[in-house]
Amino acid sequence: METNTHYDAIIIGGGPAGLTAGIYLSRARVKTLILNEGTIGGQMVLTHEIANYPGVESISGYQLSNVMKKQAKTFGCDIKSNITIQSMDLGNDIKTVVLEDGQQFSANAVILSPGGRSRTLGIKGEAAFKGKGISYCATCDGDFFTDKEIVVVGGGNSALEEAVSLTKYASKVTIVHQFDHFQAFEHAIDEAKNHPKINFKMESTLTAFYGNDKIESVDIKNIRTGQSENFKTDGVFIFIGYIPNTEFLKDKLELNTYGEIVVKPDMSTNITGVYAAGDSIAKRYRQVTTAVGEGTIAALAASEFLNKNKNNINHELLFQ
Amino acid sequence: MLYTNLKHIESAADHAKILSENENVMVVCGRMGPMCIPVYGIAEDIEEEYKHVKFCDMEFDNPEASVIRNLPEVRGFMGIPFTIYYKNGKVVKATSSIQTRQQVTSILNEQFGVAVKA
Ligand SMILES: Cc1cc2nc3c(=O)[nH]c(=O)nc-3n(C[C@H](O)[C@H](O)[C@H](O)COP(=O)(O)OP(=O)(O)OC[C@H]3O[C@@H](n4cnc5c(N)ncnc54)[C@H](O)[C@@H]3O)c2cc1C
């Protein structure tokens, strides 16, 4: 039978929010475990260059993640990455987490920082053509589309900026967007609109992918007229925003209609002893700096909570 | 340069040597980008458990990575990393773009046998 390991605090999600909380708690000698589903660093690890993190002129997300991970580990934080949580009980004083491989953990407090991920179109064939014409990263895969005709789906800043950057490679870029206007900065819209290689299909959406070894065409449906056309293309880049990774929290605590975790200013949730931080909470701006700030607040509030319930935490160390 | 803790394959000769010396080999051929880093991370994490598999990486832009880029099994691949699974020097499976831990381990289990837990 699997044994249970008890911690003072368990952090779910090891992006900048979770790592920061791990640094603060471990440094205050709160026995802490970070459980992370993917690679430690979260979305930060996927960022080529972070130029707006104060105190560091420019650093790759991978390097910044490794430094944060090292800091947390140095203070004694346990970290498990690439795990899958099978079940979780947050309702009682002792919170429990069971992993898919049977490992069991419990804690007096939990910080939720599962972040977010790119939204997918959810159309049949999307998974099968991933890496065979469908991409979510222009910098990674742009050069496979040199002198080819591609489609970019989306109408926000990422979609327009990446469409422009893809013109370095592609001979023609068609932006497909569901509305009749873009949700992006004026300069991004102007740059895309004035680019000779970029065309637009507004109020339109992709409904199907076709091809053998790789994508050869897509169906594009005009939402207003209902008319569909089969459109030849060599590739499709999808930039349609982000969604919070909170499916596993449904029915466990209060989420808003977007699936974001509802928190109070001290990052506490509606469940006693459960805090949340980072991109998965209900808020306006999503950056490494904001995630780090909320991770700090969640850690301080969680340690105060633990302190009230159990007086062996070195609270002084938190603020040094 | 790939900043991973995996065994780096630097040349075609290196690649051939690793295939000749190991029965089961997984090579992740990519760059230090958002689609590749998670796959290196998974390989690093499971290396301990899958002792019967040799985990390596190779820089996609290294000209000698043509040993991977020119494989017939990667025809139509348009997303890095190209991840190649070899058994006795022969390609048994190849994937394009980011993969989940579950996708990687199910290929490993099917092609090379399940992990041995510590
Ligand atoms: C391409 C890109 C570029 C960006 N560039 C910048 C930039 O230049 N500057 C900047 O400040 N911000 C940038 N951001 C935003 C920034 O990366 C995020 O705001 C920040 O990473 C959010 O941190 P987080 O800790 O809340 O979540 P994340 O970074 O998303 O980390 C969450 C972690 O939790 C894990 N997880 C999810 N579900 C579970 C679960 N059920 N169980 C366990 N673990 C789970 C995830 O695998 C992940 O590792 C960028 C984002 C992207 C995608």
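Q: How far is an oxygen atom of the ligand from an N or O atom in the side chain of A:Q43?
A: In this predicted model, the distance is 2.8 Å.

Q: And what about the side chain of A:N36?
A: An N or O atom there is 2.7 Å from an oxygen atom of the ligand.

Q: Which part of A:D279 lies 2.7 Å from a ligand oxygen, backbone or side chain?
A: The backbone: one of its N or O atoms is at that distance.

Q: How much of the ligand does the protein bury?
A: Taken alone, the ligand exposes 1000 Å², and 85% of that is buried by the protein.

Q: Which elements give two or more residues to the shell?
A: Helix 1 (16-27) and helix 6 (288-309), both of chain A.

Q: What's the shell made of, by class?
A: There are 17 polar, 11 nonpolar and 4 charged residues around the ligand. Of these 32 residues, the ones that come nearest include A:E37 and A:V288.

Q: Switching topic. How is chain A divided into domains?
A: Domain 1 covers 4-117 + 242-318, and domain 2 covers 120-238. Their C-alpha centres lie 35 Å apart.

Q: Now chain B. How many residues does the contact with chain A take from each side?
A: It takes 24 residues from chain A and 27 from chain B.

Q: What area do they bury between them?
A: About 2100 Å², with 60% of it on carbon and sulfur atoms.

Q: Which residues in chain B lose the most area to chain A?
A: B:P34, B:I37 and B:M78, which together make up 33% of what that side buries.

How values were computed:
Residues numbered from 1 in each chain as written. Chains lettered and ligands numbered in written order. Predicted model: local features only at pLDDT ≥ 70, side-chain atom pairs only at ≥ 80, totals over all residues. Heavy atoms only, no water. Near = heavy atom within 4 Å. Polar contact = N/O pair within 3.5 Å; in protein donor to acceptor, adjacent residues only side chain to side chain. Areas by Shrake-Rupley, 256 points an atom, 1.4 Å probe, with all protein chains shown as cover. Helix = DSSP H or I, 4+ residues; strand = E, 2+ residues; numbered from the N terminus. Nonpolar A, V, L, I, M, F, W, Y, C, P; charged D, E, K, R; others polar. Domains from an automatic or database assignment. Contact = heavy atoms within 4.5 Å. Buried area = accessible area lost by both parts, 1.4 Å probe.
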